[in-house]
Amino acid sequence: MFLRYSLFVLVIGGLFTNFVACGAQMYQVSLKDDTQLQEDDGSEDPASLQYGLHSPHGWSTLPIQFKVDQSLTPEQKTGLVKAMATWEMAIGKKLFVFQGVHNGISGDSFPDLYSSLGDNVNGHYLDGHWDKTGKPKLVLATTIWENTREDAKKISTADIRFNSNYYLIGDSVTAVSEDAREVVDMQTLAMHELGHLLGLTHVIASVDRNSVMSPTVFIGPGLTNRLLSKGDIGRVQKIYGCEGTACDIDATLAAINSLQRNQDTVKSAESSH
Ligand SMILES: [Zn+2]
């Protein structure tokens with residue numbers, strides 16, 4: 001039997017901090033209690049070398065081949081691919097290879113959450129019928145994976161399931177919701193979920209205030225967190241090592257920040273026209 005775990009972003013209406021700014025509603029969403037981890041693996045003890053890592057031996061094969069849901073929009077794909085590129089910058093190695101659209105398949109093709117793992121495809125799926133995943137509707141997305149038979153700290157396959165049922169997942173800088181769904185930034189959400197897919201767990205604010213693996217995230221129009229912290233880079237390098245200039249963590253952090261700032265500048269120039 002494979003060991004299966006899931007980490008999913010987010011929980012509970014009562015934990016929402018809800019406020020209004022710039023005429024838009026924004027929510028700080030709690031990610032607490034969204035882990036189902038082995039106990040005693042050190043991943044939740046900040047003093048442990050394995051803190052923040054659920055699968056410290058990484059993937060059984062790299063790069064990770066992946067397919068996307070047939071209904072993923074170009075905007076959603078752009079956010080996903082940019083998030084992948086950022087994690088690749090963090091280690092200086094190729095981590096992801098696009099295999100194409102998973103023809104005829106969406107999250108709705110699967111009867112439940114874990115069945116999407118059974119097809120040997122590492123997929124990124126939109127779920128228009130979220131309730132059948134068994135997760136609360138306030139969960140933004142779920143990352144599920146299998147560890148290998150030989151090594152319970154090594155990942156063999158994984159999927160990310162996005163809750164497009166209850167959230168409008170896109171580019172939060174430009175997306176406008178035309179129904180009751182709150183806007184969630186795809187790149188931000190994918191950065192966090194890909195962190196789980198690569199082997200990372202949540203990191204608490206007292207350890208790393210700026211971590212993309214923080215147990216809370218802001219959602220709403222214009223809200224993004226598309227950067228990695230220095231700690232995020234260090235933790236992912238513990239799993240995958242590093243190549244070339246990526247091994248200089250300060251320089252890598254600066255390069256990621258600079259790239260994102262440039263992309264944001266281009267974006268705001270485009271939207272001001
Ligand atoms: Zn999470």
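This is a predicted model: local features need pLDDT of at least 70, side-chain atom pairs count only at pLDDT 80 or more; totals for chains, interfaces and linings use all residues.
Which residue just after α3 takes a positive phi?

1. The chain contains 4 helices and 11 strands, and buried residues account for 42% of its 273 residues. Among contacts between residues at least 6 apart in sequence, 67% join residues at least 24 apart.

2. Helix α1, which covers residues 74-91, and helix α2, which covers residues 186-198, have axes that come within 8 Å and cross at roughly 50°. An angle from 65 to 115 degrees would count as roughly perpendicular and one under 35 as roughly parallel, and α1 and α2 are therefore oblique to each other. Their crossing is right-handed.

3. On the α1 side, the residues that meet α2 are Q76, G79, L80, K82, A83, M84, T86 and W87, and on the α2 side their partners are M186, Q187, A190, M191, L194 and L198. Sorted by class, this contact of α1 with α2 has 9 nonpolar, 4 polar and 1 charged residues. Leaving aside residues up to four places away in sequence, L194 touches A83, M84 and W87.

4. Helix α1 also packs with helix α3, residues 230-240, where the two axes come within 9 Å and cross at roughly 75°. Because angles of 65 to 115 degrees count as roughly perpendicular, α1 and α3 are described as roughly perpendicular to each other. The contact is formed by W87, A90 and I91 from α1 together with D232, I233, V236, Q237 and Y240 from α3, and its residues divide into 6 nonpolar, 1 polar and 1 charged.

5. In the largest nonpolar core, which has 53 residues, W87, L194 and V236 touch the most other members. The helix that gives the most to this core is α2, with 7 residues.

6. As for the opening question, the residue is G241, which lies just after α3 and takes a positive phi of about 70°.

Methods. Residues are numbered from 1 along each chain as its sequence is written. Axes are lines fitted to C-alpha atoms, for helices over the stretch in contact, and angles run from 0 to 180 degrees between N-to-C directions. Helices (H or I, at least four residues) and strands (E, at least two) are DSSP runs, numbered from the N terminus. Angles under 35 degrees count as roughly parallel, over 145 as roughly antiparallel, 65 to 115 as roughly perpendicular and the rest as oblique. A crossing is left-handed if the near helix is turned anticlockwise from the far one by less than a right angle, and right-handed if clockwise. Two residues are in contact if their C-beta atoms, placed from the backbone, lie within 7 Å. Ala, Val, Leu, Ile, Met, Phe, Trp, Tyr, Cys and Pro count as nonpolar, Asp, Glu, Lys and Arg as charged, and the others, Gly among them, as polar. A residue is buried if 20 or more other C-beta atoms lie within 10 Å of its own, exposed if 12 or fewer, and partly exposed in between; C-beta atoms are placed from the backbone. A nonpolar core is a set of buried Ala, Val, Leu, Ile, Met, Phe, Trp, Tyr and Cys residues joined through C-beta atoms within 7 Å.
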